[in-house]
Amino acid sequence: MLSAGPLLLVVHLMGTAMIGVSVVGVAWLSPRLRAARNSAAA
């Protein structure tokens, strides 16, 4: 049986990576979405 320690570490790292990716994705997308909305409204 695999001990819970390494498994929890992997899950924790995956969760941290997902959060980091989503934060970067939102930061990257926000200006583009705002620019698109502005051009659509104009």
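Where in H1 does a kink of about 30° lie? The kink sits at Leu 29, shortly before the proline Pro 31. The bend at a residue, by the way, is the angle between axes fitted to the seven residues ending there and the seven starting there.

A couple of ground rules before going on. This is a predicted model, with local features needing pLDDT of at least 70 and side-chain atom pairs counting only at pLDDT 80 or more, while totals for chains, interfaces and linings use all residues. Residues are numbered from 1 along each chain as its sequence is written, and side-chain values use heavy atoms, leaving out hydrogens and water.

**The helix**

Helices (H or I, at least four residues) and strands (E, at least two) are DSSP runs, numbered from the N terminus. H1 covers residues 4–41, and at 1.5 Å a residue its 38 residues should span 56 Å; the end C-alpha atoms are 53 Å apart, which agrees. That expected span is 1.5 Å times one less than the number of residues. As for the whole protein, the C-alpha trace spans about 60 × 10 × 5 Å along its principal axes.

**The surface**

How much of the protein counts as buried? Of its 42 residues, 0% do. Here buried means under 20% relative accessible area, exposed over 50%, and partly exposed in between (1.4 Å probe, protein chains only). The protein exposes about 3,800 Å², with carbon and sulfur atoms supplying 79% of it. Those areas come from the Shrake-Rupley method with a 1.4 Å probe, and for residues only the protein chains shown count as cover.

Here are some residues of H1:

| Residue | Relative accessible area | Class |
|---|---|---|
| Val 10 | 43% | partly exposed |
| His 12 | 53% | exposed |
| Ile 19 | 56% | exposed |
| Arg 34 | 49% | partly exposed |

Val 10 also turns up in a nonpolar surface patch of about 300 Å², made together with Met 14 and Met 18. Patches are made of residues with over 30% relative accessible area and no salt bridge, joining like charges within 9 Å and nonpolar side chains (Val, Leu, Ile, Met, Phe, Trp, Tyr) within 5 Å. A salt bridge is a side-chain nitrogen of Lys or Arg within 4 Å of a carboxyl oxygen of Asp or Glu. An α-helix has 3.6 residues a turn, so residues three or four places apart point the same way.
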